[in-house]
Amino acid sequence: MEYYILFEEYLKKLNKMSVPDPMVIGTSVAGLCKLLRVAKVVAYFYDSFKDESLGNGRSTCVFDTGEECAVAVSDRLVTEINSVAVCDVYIAKGEQPWDYNERERIMLVLKTTMAFISRLRLKQVTDRLTFYDADGYQNLRYFIAHIEKLSLDDHLFGKVAIHFNLKHFSLVNQQIGREAGTVAMKGYYNTLRSDLDEESTICRVGGDNFVMICSRTELNRVIDYLAGSATIYDRDTGDRVMVSACAGVFIIPEGFELTSPGDILDKIISASQSARQPANNDVVYFNAVMVANKERIVRIQQLFPSALKKEEFLVYYQPKVNVETGELTGAEALCRWLRNGSIVPPLEFIPILEQGTEICKLDFYMLDHVCRDIRRWLDEGRPVVRVSVNLSRKHMADVDLLKHIIEIIDRNNVPHQYIEIELTETTTDVEFRDLKRVVGGLQKAGVGTAVDDFGIGYSSLKLITEIPWDVLKVDKSFLPLEGDDDSSNRAIMFTHVVSMAQKLGLECIAEGVETAQQVGILRENGCKFAQGFLYDRPLPVEQFEEKLVSHHYSV
């Protein structure tokens with residue numbers, strides 16, 4: 001009778017538990033163990049059959065009298081997701097073996113305990129698979145569940161939502177190695193998370209992108225931390241690397257109603273994307289202007305397919321001029337959007353199209369229309385110059401890019417020497433290899449190539465020494481401006497860039513030339529070619545055709 005009373009009490013205590021706490025289980029089962037002459041109970045839990053075979057599991061001593069003992073009964077349970085629970089029951093040395101009834105009672109207690117532990121462990125594993133990624137970070141599902149709970153508890157007011165992206169983390173991986181980079185990222189995450197209150201959380205949404213909720217009182221400290229923190233990546237040597245982030249911030253106002261997780265996620269992601277733009281600060285706070293910008297982005301994306309089909313995008317040509325002779329030597333094709341009789345400025349739509357793959361469609365459209373113009377000029381007996389066409393970095397994901405470029409040129413029956421492809425620098429080794437392959441293939445096909453905006457990003461000697469460019473376009477930021485305190489430094493930098501290009505056998509052209517003083521600097525340094533408002537703005541095709549005929553500018 002005593003056994004059944006103790007067993008019933010044990011079941012009641014188990015049912016009240018939400019986690020498999022070995023201390024509570026041990027205390028609850030102690031009376032039964034003593035009654036049944038059990039000296040020790042040890043449970044093991046393995047996430048998979050493989051972990052079981054390797055002995056990679058978690059063990060819990062449920063009960064122990066401290067006596068010398070040996071395993072007398074063992075049981076094994078396999079859960080629905082193939083995790084494994086094993087329980088060993090020990091009897092003290094010198095004790096009489098259990099009789100049939102004792103053994104049956106022990107097995108009943110054992111199976112009950114095993115089923116309970118397995119059920120709770122299964123829930124823990126399921127939660128981990130649902131709310132954590134493969135690297136142990138809380139994931140987007142966790143974040144969504146967290147903000148929904150805060151909303152239900154009416155605790156969103158006073159909170160701040162943040163989306164942040166680690167800046168140039170691919171370069172960190174290149175610098176210290178991917179394994180050390182993983183350690184650095186986890187350390188950066190753990191340090192930021194360690195001082196947050198219990199209603200705050202940080203979750204990874206993929207790669208080096210994170211979302212978080214914190215209180216307003218924690219915001220300043222968080223922003224300071226995101227601005228840059230030296231993070232240890234080698235615990236043995238103490239070596240550190242500086243990690244920083246761009247962030248979008250939404251301060252949740254009083255009365256904010258959460259209808260869906262997107263009400264918060266859309267805002268912080270939009271603000272974070274703005275923070276990643278070169279012209280903006282590293283931290284951008286969501287505001288009403290961003291709502292209008294988001295609506296504008298959606299509208300541009302919706303209008304683009306029909307605008308492309310209706311050929312609303314026009315090619316404008318900006319001349320390239322020999323500064324010594326004034327001869328028109330080439331042109332850059334630039335896109336203008338004629339919408340309802342008005343020109344839409346490129347900055348109004350190009351950055352939006354670059355957020356997706358639409359920019360690739362526009363680039364091919366531009367190349368095709370440039371080829372059509374060149375073919376027409378040749379057929380009409382007009383003078384023809386080489387025209388450069390910009391291609392977005394997004395094209396590097398296209399394994400058949402080289403084939404697509406050549407196909408468009410050949411379809412229009414344009415001699416290859418009249419086309420030049422302008423490409424910008426890359427920031428990853430994968431993109432660099434693709435860039436090198438494409439530029440090399442274009443060179444073999446007789447199509448010119450130019451590295452665009454050299455010097456404004458993370459340009460390295462590797463970019464121009466390992467890739468067979470024909471032309472280096474020097475960004476206008478190197479050109480001195482009248483009244484600029486930094487004018488002399490700019491001139492020195494320009495001199496060195498041009499000299500380097502010449503020694504590498506590259507044709508050098510300066511962009512953004514606006515003054516006679518700048519032309520003088522070009523001549524002094526042997527930079528023969530210029531492009532800029534001093535000579536001409538981008539011209540509609542009819543006006544550019546007139547320039548082809550006159551073919552010269554005053555020098």
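Figure 1. R376 and D373 both lie in helix α12, three residues apart, about one turn of the helix; helices (H or I, at least four residues) and strands (E, at least two) are DSSP runs, numbered from the N terminus. In general, an α-helix has 3.6 residues a turn, so residues three or four places apart point the same way. The side chains of R376 and D373 form a salt bridge, 3.3 Å from N to O. A salt bridge is a side-chain nitrogen of Lys or Arg within 4 Å of a carboxyl oxygen of Asp or Glu. D373 is buried, with a relative accessible area of 13%, whereas R376 is partly exposed at 29%. Buried means under 20% relative accessible area, exposed over 50%, and partly exposed in between (1.4 Å probe, protein chains only).

The model is predicted: local features need pLDDT of at least 70, side-chain atom pairs count only at pLDDT 80 or more, and totals for chains, interfaces and linings use all residues. Residues are numbered from 1 along each chain as its sequence is written, and side-chain values use heavy atoms, with hydrogens and water left out.

Figure 2. E507 forms a salt bridge with R386, the closest N and O atoms being 3.6 Å apart. This pair links distant parts of the chain, with E507 in strand β19 (residues 507–511) and R386 in strand β15 (residues 386–390), 121 residues apart. Salt bridges that share partners join K320, E332, R386, E420, E422, K473, E507 and E511 into one network. E507 is partly exposed at 32% relative accessible area, and R386 is partly exposed at 26%.

**Figure 3. The largest nonpolar core.** A nonpolar core is a set of buried Ala, Val, Leu, Ile, Met, Phe, Trp, Tyr and Cys residues joined through side-chain atoms within 4.5 Å. Of the 81 residues in the largest one, F313, Y317, L362, I419, W469, L472 and F494 touch the most other members. Helix α12 (residues 358–379) gives the most to this core, with eleven residues. Leaving aside neighbours within four places in sequence, F494 is in contact (heavy atoms within 4.5 Å) with residues including V474, F478, L479 and A510.

**Figure 4. The buried face of helix α13.** In helix α13 (residues 401–411), L401, I405, I406, I408 and I409 are buried. Seen down the axis of α13, these buried residues fall within an arc of 160°, taken from the directions from the helix axis to the C-beta atoms, so they line one face of the helix. N413 follows α13 and has a positive phi, near 55°.
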